[in-house]
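Please look over the sequence and the structure shown here before reading on. The notes are grouped by topic.

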Amino acid sequence: MRERLTAPALLLLLALLIPGACARAEVETADVLGEWVGEIQIMGQPLGFEVEFFETPQGLAGTMSIPTQGLRDGGLTEVSWDPPELGFTLPVPGAPARYEGTVEEGLISGEFNQSGYTGLFELRPYVAPVLDYPTEEVRIETDHGPVLAGTLSLPEDDGPHPAVLLITGSGAQDRDEDIYGFKPFFLLADHLTNQGYAVLRCDDRGFADSTGDISTATSADLALDYAAQLRYLEERAEVDPERVYLLGHSEGSIIAGMLAAEYDVAGVIMFAGQAVPGDELLLAQSAKTILAEGGTAEDVAWNQDFQRRAYDKIRNDGDLEPLYDELDAVLREQYASFTPAEQAAFGDVDTFVETQLAQQRTMLESPWTAYFIDYDPWTHLAAVDCPILAVFGELDVQVPPDLNIAALETGAAEHDLTVSIETIAGANHLFQTAESGGLSEYPLLEKDFAPGVLETITAWLDAQ
């Protein structure tokens, strides 16, 4: 699950207008107007962010978005522009982040400071991709509440076309499934549309431009959202309703299984999809992740024991407070081992512990976790009668391929399913070329798929 920042209300700096300098100000302001994309370097790792500057009657203003933290169009304050110096503040409650940089040769670069920690940032003008096909912004109303905003990509000719519905993984995701600036669903949609497939991808409920509340939603609730998207896609005149495929990434694969068990679809692509019960997956995931990040067997043992006890209490409506007290002590010990720079980045020890405990409370006490730990994908996969392609990353630590391929092969034989299994060499959970597959690598890797990913999907779709 991802930490979210709440976007503050837009606050505009009241700038003093200097008589006689209007023409000069207009020319120089044009140098920074528009959309910029870039990254912050935090302890050697990049965090992608986006800024837009625009003119108001009061002067230069702007907004910032940090997709991986759920911040979208947060208003900037203290926007200052004294060419070539540019400054602005993101007013995070209790920890405002100040950016001071220079504009030179089309780049904005400089330093930022937040809670005493200083790092580097760089921004470059956003260049919209040139698409060779039409796209349409859609809003899909559901009969259960959420309105889902998305993009429908269509091949050039009239069709009707085969189509693919993209289903995001766990946590709040936008339609591109943007993760540290890597946009796998945009790349999938672009590739498949160029291959003759219509593609629909939407923001998750309650995130980006979709309405609703994802905080209380289980996988089954989210399946209702995708059922509405599936019906919408099948009703489009440009789409052949007999050739609609579902592609689900991670948790999205179990939602694809839910839909395929109920609706007549042409096929399912499990993209790093689980084939074991939720608690088994989460235990394997934590073990693989800890080891990939340099943890020890003792770290794994403690964490797994903690998880099992937590799941037992969740199932039996037990009191989680003793576990939080135990975790509090472990977090304080962990903080003491941090370098001074790391401690400065996280704030004081109490802030660090409170933030981490709040995240654990949100996760462990959510309806999503209570549902997921007891969900067995074979509840629905057993009833799927269309062909399935399962694609795994060799280095995936979140949905370990060895565990899930074995379960998929056993279940397919037992339930007489038509399943093709492919493993992408050297790929992580996001299907990027990786070294260890660990989560800390994600922001450092090339923002593209590993070789063979797109070709594997297209070859299977074309063969159906």
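**Confidence**
- The protein chain has an average pLDDT of 89, and 93% of the residues reach at least 70.
- Residues 1-27 have a pLDDT below 50, although this stretch makes 43 contacts in the model beyond near neighbours in sequence.
- Where pLDDT is low, the predicted coordinates should not be read in detail.

**D203**
- D203 sits in the loop that runs between strand β13 (198-202) and helix α3 (219-235).
- The relative accessible area of D203 is 3%, which means that this residue is buried, as the cut-off is under 20%.
- The side chain of D203 comes to 2.8 Å from the backbone nitrogen of R175.
- R175 is also among the residues in contact with D203 once neighbours within four places in sequence are left aside.

**E251**
- E251 belongs to helix α4, which spans residues 251-262.
- E251 is buried but forms no salt bridge. R205 is the nearest side chain of opposite charge, and it lies 10 Å away. A salt bridge needs a distance within 4 Å, so R205 does not qualify as a partner for E251.
- The side chain of E251 does have a polar contact with the side chain of W368, at 2.8 Å.
- Apart from neighbours within four places in sequence, E251 is in contact with W368, T168, G169, S170, S219 and L222.

**Cysteines**
- The count of disulfides in the model is 0.
- C202 has a relative accessibility of 2%, so it counts as buried.
- C386 has a relative accessibility of 7%, so it counts as buried too.

**Helix α2**
- Helix α2 covers residues 184-194, and its buried residues are P184, F185, L188, A189, H191, L192 and T193.
- An α-helix has 3.6 residues a turn, so residues three or four places apart point the same way.
- The buried residues of α2 pack against the strands β11 (147-153), β12 (161-167), β13, β14 (239-249) and β15 (267-271), and against helix α13 (453-463).

Methods:
Residues are numbered from 1 along each chain as its sequence is written. This is a predicted model: local features need pLDDT of at least 70, side-chain atom pairs count only at pLDDT 80 or more; totals for chains, interfaces and linings use all residues. Side-chain values use heavy atoms; hydrogens and water are left out. Helices (H or I, at least four residues) and strands (E, at least two) are DSSP runs, numbered from the N terminus. Buried means under 20% relative accessible area, exposed over 50%, partly exposed in between (1.4 Å probe, protein chains only). A polar contact is a pair of N or O atoms within 3.5 Å; within protein, one must be able to donate a hydrogen and the other to accept it, and residues adjacent in sequence count only if both atoms are side-chain atoms. Contact means heavy atoms within 4.5 Å. Lys and Arg count as positive and Asp and Glu as negative; His and the chain ends are not counted. pLDDT is the predictor's confidence in each residue, from 0 to 100. A disulfide is a pair of cysteine sulfur atoms within 2.5 Å.
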